[in-house]
Amino acid sequence: MMLINGALIGRRLNLSDEKVTQGEIAQYLDMADVRYSREHRLGDGEIVDFLVADHIALEVKLRCPRKKILRQLARYAVYADVHMLILASNTAIALPDQIQRKPVIGISLGKAWL
């Protein structure tokens, strides 16, 4: 988790297109030697943007309704491979501490632009 935070905190990412943002995040994770799988299929049609270190679901969301984000994170949390959820977003959202007993952490992508 610390490696992910270190790779992303303070980065002025392109926030105009989610796929471009994901590409930039992948570059920063690569530079920090963070192991991940991109567009990782969890099962049942659920694909998380990044599965980091085989067990951390990292989802990127730009300008997305809060309820939709929370529903998506809840769907990911049911998978045994997912031990932690991280939301990287420019959407202001209050995240619960846990979903399905799995820790949830938010990274504000807009903060670096302030």
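The model is predicted. The chain holds three helices and six strands. Along the sequence they follow the pattern α-α-β-β-β-α-β-β-β. The six strands form an open sheet with mixed pairing.

**Overall dimensions**

- The radius of gyration is 13 Å, which agrees with the value near 13 Å for a compact globule of 114 residues.
- Along the principal axes, the C-alpha atoms fill a box of roughly 35 × 30 × 25 Å.
- Of the 114 residues, 43% are buried.
- The accessible surface is about 6300 Å², and carbon and sulfur atoms account for 51% of this area.
- Among contacts with a separation of 6 or more, 46% are between residues 24 or more positions apart.

**Sheet order and pairing**

- The strand order is S1-S2-S3-S4-S6-S5.
- S1 (36-43) and S5 are the edge strands, and each pairs on one side only.
- S1 and S2 are antiparallel and share six bridges. His40 has Val48 in S2 as its bridge partner.
- S4 (residues 84-89) runs parallel to S6 (residues 102-108), with five bridges between these strands.
- S5 (residues 98-99) is antiparallel to S6 and is joined to S6 by two bridges. Here Ile99 has Lys102 in S6 as its bridge partner.
- S5 and S6 make a hairpin with two residues between them. In the turn, Gln100 has a positive phi of about 55°.

**Ser89 in strand S4**

- Ser89 sits in S4, and its bridge partner in S6 is Ser108.
- Ser89 counts as buried because its relative accessibility is 4%, below the 20% cut-off.
- Beyond its neighbours within four places in sequence, Ser89 is in contact with Lys61, Ile69, Ile107, Ser108, Leu109 and Gly110.
- Ser108 is the bridge partner already named. Leu109 is one of the residues with the most contacts inside the largest nonpolar core.

**Helices across the sheet**

- H2 lies across S1, S2 and S3. Its direction is at about 120° to S1.
- H3 (residues 66-77) lies across S1, S2, S3, S4, S5 and S6. Its direction is at about 150° to S4.

**Nonpolar cores**

- The largest nonpolar core has 18 residues. Ile25, Phe50, Leu58 and Leu109 have the most contacts inside this core.
- H2 (18-31), S2 (46-52), S3 (56-61) and S4 each supply at least two residues of this core.
- A second, separate core has 15 residues, including Ala57, Cys64, Leu73 and Val82.

**Phe50 and its surroundings**

- Setting aside neighbours within four places in sequence, Phe50 has contacts with Gln22, Ile25, Ala26 and Leu29, among others.
- The contacts of Phe50 also include Tyr36, Ser37 and Arg38.
- Ile56, Ala57, Leu58 and Val60 complete the list for Phe50.
- Ile25 and Leu58, both in contact with Phe50, are also among the residues with the most contacts inside the largest core.
- Ala57 is in contact with Phe50, yet Ala57 belongs to the second core.

Notes. Residues are numbered from 1 along each chain as its sequence is written. This is a predicted model: local features need pLDDT of at least 70, side-chain atom pairs count only at pLDDT 80 or more; totals for chains, interfaces and linings use all residues. Side-chain values use heavy atoms; hydrogens and water are left out. Two strands pair if DSSP finds at least two bridges between them. Helices (H or I, at least four residues) and strands (E, at least two) are DSSP runs, numbered from the N terminus. A nonpolar core is a set of buried Ala, Val, Leu, Ile, Met, Phe, Trp, Tyr and Cys residues joined through side-chain atoms within 4.5 Å. Buried means under 20% relative accessible area, exposed over 50%, partly exposed in between (1.4 Å probe, protein chains only). Contact means heavy atoms within 4.5 Å. Axes are lines fitted to C-alpha atoms, for helices over the stretch in contact, and angles run from 0 to 180 degrees between N-to-C directions. The radius of gyration is taken over C-alpha atoms; the globule rule is 2.2 Å times the number of residues to the power 0.38. Accessible areas come from the Shrake-Rupley method with a 1.4 Å probe; for residues, only the protein chains shown count as cover.
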